[in-house]
Every structure is written in structure tokens, then in C-alpha cells.
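Please look through the sequence and the 3D structure below before reading on. The paragraphs that follow lead through them step by step.

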Amino acid sequence: MFSLNKFLITLSLVAITLLPVAAFAGDIGHYGIGKTATAKEIAGWDIDVRSDGKGLPKGEGSVAQGEPLYEAKCASCHGLFGEGEGRWPPLAGGEDSLTEDRPEKTVGSYWPYVSTLWDYINRAMPFPAPQSLTPHEVYAISAYILYLNDLVEDDFVLTQSNLASIKMPNEANFYIDNRPDTSNTRCMKDCKDPSKIIIVESLRGITPEQEKEAIEEASTKTTLSAAAIEGKATYTTSCLACHDSGIAGAPMVSDKGAWAERLEQGMDTVVNHAINGFSGDKGMMPPKGGNLSLTNEQVKNAVQYMIEAE
Ligand code: HEC
Ligand code: HEC
């Protein structure tokens, strides 16, 4: 028995592993979905640079080399001195502004690592032509932006080996969030019976049972009796004109207090008044609402609807 089970499990595992291959063979979608990514494709995505410099390509660039590149490719938006043209983001300035009501967050005042600068430019800038810069150009432009922020001297050369060692002024205000994903520890023995655990809706603090009751209550409220359902059409054609809005003193359908009072004289009287008409303190209720072609039954059902409807 055991070995048969094992055999079946092995078989189904084989089937599962074979399935995707069979399903996709010769059926690679328009976007190449289902195809194994080539090393070249992966390299195109794998461009992130870490704060310790891991991921940086070989290269270097000086402040002096960066200046003309920056002026040609970046200054039109970010300003000649990194001050930001118009509403484009500034890249320099804002020192000591982080505790103000309107902090100015720039590379120099806010960013924690030079790797962020290098990666951002390499990945996304210049805005109209992302990933058009060579590594050398990214090093040079990054060096120039550090210079605009007074973080390096004008003879500085940025390289893949010294990048991680440059300290940014705001680094200390960033920290690794090492809180655990869950605050509970896993129970390994004498644990609660899972069927006894009630999941409470976190926003409203309602248990599933309470939710169910509320739904049931709401649905019985709007459930009409058979007579009322019959009467709804009559109400709409012959009674609504006065009783929906309370015209000429007619009790409004929604005014449940008024109907409770009227029902104190007994349902038969109320129906009788609707069929034969009557004049009360509020005004005149015409016989059958003025539609004498209605049967007594239809009028009775219409009354039933008026009493039950919300
Ligand atoms: C056509 C305008 C334009 C040009 C040219 C341009 N950028 Fe940008 N840059 C932007 C915009 C817009 C953003 C903000 C993008 C966003 O928030 O999604 C930005 C953001 C940045 C940021 C991040 C700023 C921050 O604080 O978040 C850096 C750094 C940057 N650009 C560097 C450069 C460099 C270096 C060049 C030249 C190689 C360049 N940009 C060229 C428009 C431009
Ligand atoms: C032209 C307006 C008008 C129309 C149409 C009308 N009603 Fe009325 N109805 C009234 C007025 C006004 C009263 C209140 C009279 C009073 O109590 O002074 C009233 C009262 C009632 C009452 C309460 C009777 C009681 O004993 O208190 C019922 C029941 C009623 N109408 C049913 C109907 C039905 C059913 C229809 C349609 C077939 C209908 N009405 C159409 C004006 C109208």
C-alpha cells in the first residue's frame, strides 16, 4: 500500500512538472510569456546597485568630466547648479531643511547613499532618454552632482571602488526596518483548536457570526409579504401620486409612525377607508384613490404594501 501511494505521488509529480512544458511548447505568446529568459535579458534587468557598491560596473568619472555632460543633458530641467528649473526637481540645496514645515529633499539634504544617485541616473535619467548613458558618464555626472552639493572637491574622481565610502549627510536618519513580518510566535504544541478561532474583521471588530446576523436582519426587513408584492403595482399606478410625497395630507409610505397610529383603528377599517374613501383631519382620501376600476382585493393589497414598504 505504502509503495503504491509513493508510486502514485511520484507519477503525479512527474505529471505536474511535465505539464507546463507541454502546455507552452510551441505556444509562446506574443510577449514571449512562457519562454525562458536569456542571460542577456536577465542582465538588462539586473542593474541594481547596493549601498555597499555591489552591482556597480567598472568605471570612473571626474567632476570636471561631469560638468559639460550635466550641462548638456540635465541642466535644462534640473538647473545649472542643481536648483531645479521651473517645477522640475532640484538636485542640490535644502541642507538642514528636513525638520522644517516644508523640507526640501534633495540628493545632498536627504538621500542616504551615493549608490542611490548612481542607480537613479543610470536607470532613469535623462528623463527623455533613460539608460542612454555609459557607465563612465554616470560616474562623471554623479561626481558633478556631489560637487554641486558641496560633498566632494572639484578635483574629485568617482570610481566603482570609492563610491560606497562617501558618506552622505542624512545617512544616519535611515535605518534597516528589522521588525518581524508577524509579531506572534508560532505555536508548536498544545495549540488552540483551529475551528475555535474566530477571525474578527479588523476594521469594524465584527465577527463573521455578527456579520451573518446583520445580513439576515437586513434581508428580512426588506422582504415583503405576498400580498404586498401583489399590491405594489396598484400602489404605483393609483396611490403613489399622493402617498409617496404626502400630497393633500396623505400619509407618506415612509412615515411608519403615521401608519402605526392609523392601524390602531384596526386593519379592516383602514382598508375599508381606502376602498370607500373617507375624510379625516388631514384631508380627503378618494374611494380607491380615484381609480374605481380597481377590485377591493387590489386596494387591500396596495394598503398592505403601503404598510410594509420602507
Ligand atoms: C526633461 C527633463 C529632465 C531631464 C533632461 C533630466 N531629468 Fe532628472 N528628473 C526629471 C523628473 C521629471 C524627475 C522626477 C521623476 C519622478 O519623480 O518620477 C527627475 C528626477 C531626477 C532625480 C531624482 C531627484 C529626486 O530627488 O527624487 C535625479 C537624481 C535626476 N533626475 C538626475 C538627472 C540627471 C543626472 C540628468 C541628466 C543626465 C537628468 N536628471 C535629466 C526630469 C529630467
Ligand atoms: C388624491 C390623493 C390620494 C390618492 C390618489 C390616494 N390617497 Fe389614500 N389618502 C389620501 C389622503 C389625503 C389620506 C388621509 C386622509 C386623512 O386621514 O385625513 C389618505 C389616507 C389613506 C389611508 C389611511 C386610511 C385610514 O384609515 O387612516 C389608506 C389606507 C389609503 N389612503 C390608501 C390608499 C390607496 C390604497 C390608494 C391607491 C389605491 C390611495 N390611498 C390613493 C389621499 C390619497
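This is a predicted model: local features need pLDDT of at least 70, side-chain atom pairs count only at pLDDT 80 or more; totals for chains, interfaces and linings use all residues.

Are α8 and α11 roughly parallel or roughly perpendicular to each other? Residues are numbered from 1 along each chain as its sequence is written, while chains are lettered from A and ligands numbered from 1 in the order in which they are written.

The score pLDDT is the predictor's confidence in each residue, from 0 to 100. For this chain the average pLDDT is 86, and 87% of the residues score at least 70. Residues 1-26 have a pLDDT below 50, and beyond near neighbours in sequence this stretch has one contact in the model. Two residues are in contact if their C-beta atoms, placed from the backbone, lie within 7 Å.

Helices and strands carry numbers from the N terminus and are DSSP runs (helices: H or I, at least four residues; strands: E, at least two). Two packed helices are described by the angle between their axes and the distance between the axes. Axes are lines fitted to C-alpha atoms, for helices over the stretch in contact, and angles run from 0 to 180 degrees between N-to-C directions. Angles under 35 degrees count as roughly parallel, over 145 as roughly antiparallel, 65 to 115 as roughly perpendicular and the rest as oblique.

Now the reply. Helices α8 and α11 pack at an angle of about 85°, with their axes 7 Å apart, and are therefore roughly perpendicular to each other. Among the α8 residues in this contact are Ala-227, Tyr-235 and Cys-239, and those of α11 include Val-299, Ala-302 and Tyr-305. By class, the contact of α8 with α11 has eight nonpolar, six polar and three charged residues. Here Ala, Val, Leu, Ile, Met, Phe, Trp, Tyr, Cys and Pro count as nonpolar, Asp, Glu, Lys and Arg as charged, and the others, Gly among them, as polar.

Helix α11 (residues 296-308) also packs with α10 (residues 267-276), at an angle of about 125° and with the axes 9 Å apart. That makes α10 oblique to α11. Their crossing is right-handed; a crossing is left-handed if the near helix is turned anticlockwise from the far one by less than a right angle, and right-handed if clockwise. Val-270, Val-271, Ala-274 and Ile-275 of α10 make the contact with Asn-296, Val-299, Lys-300 and Val-303 of α11.

In total 29 residues surround ligand 2, the closest being Cys-239, Cys-242, Gly-280, Lys-282 and Gly-289. A residue is near a molecule or strand if its C-beta atom, placed from the backbone, lies within 6 Å of it. The shell consists of 15 nonpolar, ten polar and four charged residues.

Which residues come nearest to ligand 1? They are Cys-74, Cys-77, Met-125, Pro-126 and Phe-127, out of 18 residues around this ligand. Helices α4 (75-78) and α5 (114-124) each supply at least two residues of the shell, which divides into 14 nonpolar, three polar and one charged. The peptide bond from Met-125 to Pro-126 is cis, with omega near -5°. Pro-126 is found in the loop between α5 and α6 (135-148).
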